[in-house]
Amino acid sequence: LVRKELIRPGRSSLAGDDAFRFRHLLIRDAAYDSMSKEHRADLHERFADWLERVAPGRATEFEEIIGYHLEQAVRYRRELGSTDPGASSLATRAAGRLSSAAERALLRGDRPAAANLVRRGVELLDRGSAARLVGLPFLVEALLESGDLSGAGQTIADGVEEATAAGSRGVEARLLILGVMLSLTTDPTRSQAEAAEEIDGIRAELEREGDEAGAAFASVRLAQVEFWLGRARKADEAARAAIGFARRTGDRRLELAGIQTLLGPLNWGPFPVEESLRRCDEAAEWVSGHRILEAGLATIRGYLLTLIGRFDEGRDSFQRGLDMRQDLGVSEIGLAIAGQVGVTTLAIAGDVEGALAIGREGIESLQSMGETGFLSTSAGFMADVLVGAGRTAEAEEMVELCERSAGPDDFSSQALWRRVRARLLVHAGDVERAERLAREDVALVDPTDYTIERAEARRGLADVLAAAGRVGEALGELRQAVALYGDKGATVLEERARMRLAELEAASPG
């Protein structure tokens, strides 16, 4: 074949072994097409067996290749209508290899690849089989993380029906939890508080039944909703508990999910900037090699460094995280979440145009996929930057989008649109309505432990009161904002609030 120039010597991945390659893809395709399906199935299986045999110490390295060949063997046999009793075990082998490869893809942060691999593995297995049921929640997670919301929704609906018929309450419970999480990103009328109650109820049931792994799975999702409800410290505690369980049981995927859930509380919650930076450094050691979480940590560090005036470092860290996400082909939701952090980071650093560019890109992506949960908050951040830049017409559009998309108890979005609209009303001279909205903003964020959000609301109210000529009241609100910025250790925002405080005091010495 070499003399006939059909194949040529190649480089083997196995030491001491010969390798050959086709001289052209068309020759390869012609050779493959000339075989019967039965012959192809046999060769695919034999190749997988051979590779497992000759590379026993490197099985994980070749896992995706082995899984592919077993998958092809199964598919050809099914096309031939084979009744071979060994076909089921072959499918289980193939799915196991593909699932394991998907796990490793997820751990290194390649979510699109993980979704593709786990989907192929699940599709090989018989409906209702134990292996397939175990893989369904993993498939849904991969679809959600890759941004395929419609695919995730359909898989959840079908999976719940399948798990119920098979009597697998553990799998059914996990899928129901994922369904709740999906509804929070696609249904603007969905109550976050009710969602938290539903997840906590399922968690308690799993705990009573002794399903610790299921309870930990629920705790991570509950932590996420607690964070969205403005209870960052409570979210931090729930995530840490799940991480502890994951480490005891060796569940690396659950551990990483828990660590990812910690990032939001560190960014927006009550933890001082220096403590958050220290915990980011600790987390960096835990997630080494997982590029998605490394990217997340980089973006969070960018925001935190900006809060203490290290603008160049902050910008570089944020951009590094964003570049990593884009290189990995992260879902549009993931990029939009990074964009939320970027809008505030760049705006604080004075790069208004950069903030608007990244925010606009994220909003367009979320709208295209029908997402509403993160869309409302993104629009609120954009509106805030726009009104600060004096672009009131564009700010009005974003305020309307934020208000229209915000869930009933999405306190952050509900507060944001009121805060920005109050500023717009001050510009229009309607100070009375502006004050009403600014006080509603404060009432929404005060029960939370989002320190900077609370400070921003107080500062917004102070500006409205100052515009109304009630400087004494404005000074009281502004002093509270200064104290809150100080609690967070956000020295840049604290200093800017102090400068505004000095301006008001100078304007009204009495």
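Against which helices do the buried residues of H19 pack? In this predicted model, they pack against helix H17 (352-369), helix H18 (373-388) and helix H20 (411-428).

## Overall architecture

The secondary structure of the protein consists of 24 helices and two strands.

Of the 510 residues of the protein, 52% count as buried. Among contacts with a separation of 6 or more, 63% are between residues 24 or more positions apart.

## Surface and charge

The accessible surface of the protein amounts to about 22,600 Å², and carbon and sulfur atoms contribute 50% of this area. The protein carries 65 positive and 84 negative charges, whose mean positions lie 4 Å apart.

## Helix H19

Helix H19 comprises 14 residues, 392-405. From its first C-alpha to its last, H19 reaches 20 Å, close to the 20 Å expected at 1.5 Å a residue.

The buried residues of H19 are Ala395, Met398, Val399, Leu401, Cys402 and Ser405. Viewed down the axis of H19, these buried residues fall within an arc of 165°, and therefore line one face of the helix. On the other side of H19, the residues Ala393, Glu397 and Arg404 are exposed.

## Packing of the buried face

The face of H19 lined by its buried residues is thus described by its partners: the buried residues pack against H17, H18 and H20. Exposed positions, including Glu397 and Arg404, occur on the other side of H19.

Technical notes:
Residues numbered from 1 in each chain as written. Predicted model: local features only at pLDDT ≥ 70, side-chain atom pairs only at ≥ 80, totals over all residues. Heavy atoms only, no water. Helix = DSSP H or I, 4+ residues; strand = E, 2+ residues; numbered from the N terminus. Expected span 1.5 Å × (residues − 1). Buried < 20%, exposed > 50% of the residue type's maximum accessible area, 1.4 Å probe, protein only. Arc of directions from axis to C-beta. Contact = heavy atoms within 4.5 Å. Areas by Shrake-Rupley, 256 points an atom, 1.4 Å probe, with all protein chains shown as cover. Lys, Arg positive; Asp, Glu negative; His and termini not counted. Charge placed at Lys NZ, Arg CZ, Asp CG, Glu CD.
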